[in-house]
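Subject: Handing over the structure, with notes

Dear colleague,

I am passing on the structure below, together with some notes on what was found in it. Please keep it open while you read, so that you can follow each part in turn.

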Amino acid sequence: MLQTENIKFNYKPEEHVFSFPNISLDKQKNLLIVGKSGVGKTTLLHLLGGLLKPISGKLLINNTSLSSMSEKELDGFRGQNIGIIFQKNYAIKTLNVFDNLKARLFFSKKTINIEAIDELLIELNLLKFKHRKIQDLSEGQLQRLGIALAVIHNPKVILADEPTSSLDDENCTIVINLLKKQAYKNNANLIVITHDHRIKPFFQNSISL
């Protein structure tokens with residue numbers, strides 16, 4: 001369950017203050033957040049993921065307040081409960097696909113279950129690339145690895161930043177269905193932030209910034 005109330009943020013005191021609409025999601029509910037460039041979509045995603053702290057307002061995940069946590073507490077909570085799919089791939093380039101997923105579990109302090117890793121790689125059509133280095137993956141494979149890294153630790157919230165903006169219609173549908181399937185499997189909230197209006201029919205709940 002995710003809730004926000006009167007979240008506001010600015011990068012510097014003299015700069016524009018972003019004010020965001022309230023969000024209330026029960027378990028397994030998904031949300032699409034749409035808006036043009038510059039309205040604060042990625043800023044909101046970083047706030048929801050605990051990467052930024054609001055200057056005012058409340059953010060609760062499973063009744064836990066992120067706003068009141070120390071940086072150390074927030075790092076631990078985020079590692080265990082939040083999965084983020086960034087526009088840019090942040091996989092560790094010196095490791096292969098399998099070792100990246102093991103590292104994600106290690107840093108999340110979750111049990112490394114090889115069978116679970118293999119099952120996820122099968123679902124994302126990545127099993128045959130299990131031992132391939134990051135620099136040898138295609139853009140599509142990197143994108144699916146980004147999904148795997150965001151969900152392997154069974155997070156309560158999955159956040160995706162513009163996951164379909166560079167995709168054709170067919171792959172757009174594939175990626176959104178993968179995200180929704182992984183969220184359902186993890187009993188998690190899925191929040192997608194985008195300016196891509198093609199994916200609006202996939203979501204019952206949406207807000208515009």
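Gln182 is buried, with a relative accessible area of 1%, where buried means under 20% relative accessible area, exposed means over 50%, and partly exposed lies in between (1.4 Å probe, protein chains only). This residue is found in helix H6, which covers residues 169–185; helices (H or I, at least four residues) and strands (E, at least two) are DSSP runs, numbered from the N terminus. Leaving out residues up to four places away in sequence, Gln182 touches Leu120, Glu123, Ile147, Val151 and Ile158, and contact here means heavy atoms within 4.5 Å.

Before going further, please note that this is a predicted model, in which local features need pLDDT of at least 70 and side-chain atom pairs count only at pLDDT 80 or more, while totals for chains, interfaces and linings use all residues. Residues are numbered from 1 along each chain as its sequence is written, and side-chain values use heavy atoms, with hydrogens and water left out.

The sheet comes next. Five strands form an open sheet in the order S7-S8-S9-S4-S10, and the pairing is parallel; two strands pair if DSSP finds at least two bridges between them. Strand S7 (82–85) and strand S10 (206–208) are the edge strands, each pairing on one side only. Neighbouring strands of this sheet are turned by 15 degrees against each other on average, with direction ignored. Helix H6 lies across S4, S7, strand S8 (157–161) and S9, and runs at about 155 degrees to S9; for such values, axes are lines fitted to C-alpha atoms, for helices over the stretch in contact, and angles run from 0 to 180 degrees between N-to-C directions.

Which way do the residues of S8 point? Val157, Leu159 and Asp161 point one way from S8, whereas Ile158 and Ala160 point the other way, and all are buried. Five of the five residues of S8 are buried, so this strand is largely enclosed by the rest of the structure. On one pairing, S7 and S8 are joined by four bridges and run parallel, and Gly83 has Ile158 as its bridge partner in S8. On another, S8 and S9 pair in the parallel sense over five bridges.

Strand S4 (residues 30–34) and S9 run parallel and are joined by five bridges. Val192 is buried, with a relative accessible area of 0%, and, leaving aside neighbours within four places in sequence, it is in contact with Leu31, Leu32, Ile33, Ala160, Pro163, Leu179, Ile199 and Phe203. The C-alpha atoms of Val192 and Thr164 are separated by 9.8 Å, and these two residues are 28 residues apart along the chain.

Now to a pair of helices. Two packed helices are described by the angle between their axes and the distance between the axes. The axes of helix H3 (residues 97–107) and helix H5 (residues 139–151) come within 9 Å and cross at roughly 25 degrees. H3 and H5 are therefore roughly parallel to each other, a term used for angles under 35 degrees, with over 145 counted as roughly antiparallel, 65 to 115 as roughly perpendicular and the rest as oblique. The contact is made by Val97, Asn100, Leu101 and Arg104 of H3 and by Leu145, Ala148 and Leu149 of H5.

Ala103 also has its place in helix H3, and at 15% relative accessibility it counts as buried. Ala103 touches Ile92 and Leu95, not counting residues up to four places away in sequence.

Lastly, there are two backbone angles to look at. Most residues other than glycine have a negative phi, and most peptide bonds are trans. Asn62, although it is not a glycine, has a positive phi of about 50 degrees; it is found in the loop between strand S5 (56–61) and strand S6 (64–65), and at 32% relative accessibility it counts as partly exposed. Phi of Asn125 is near 55 degrees, again a positive value in a residue other than glycine, and Asn125 lies in the loop between helix H4 (114–123) and H5.

With best wishes
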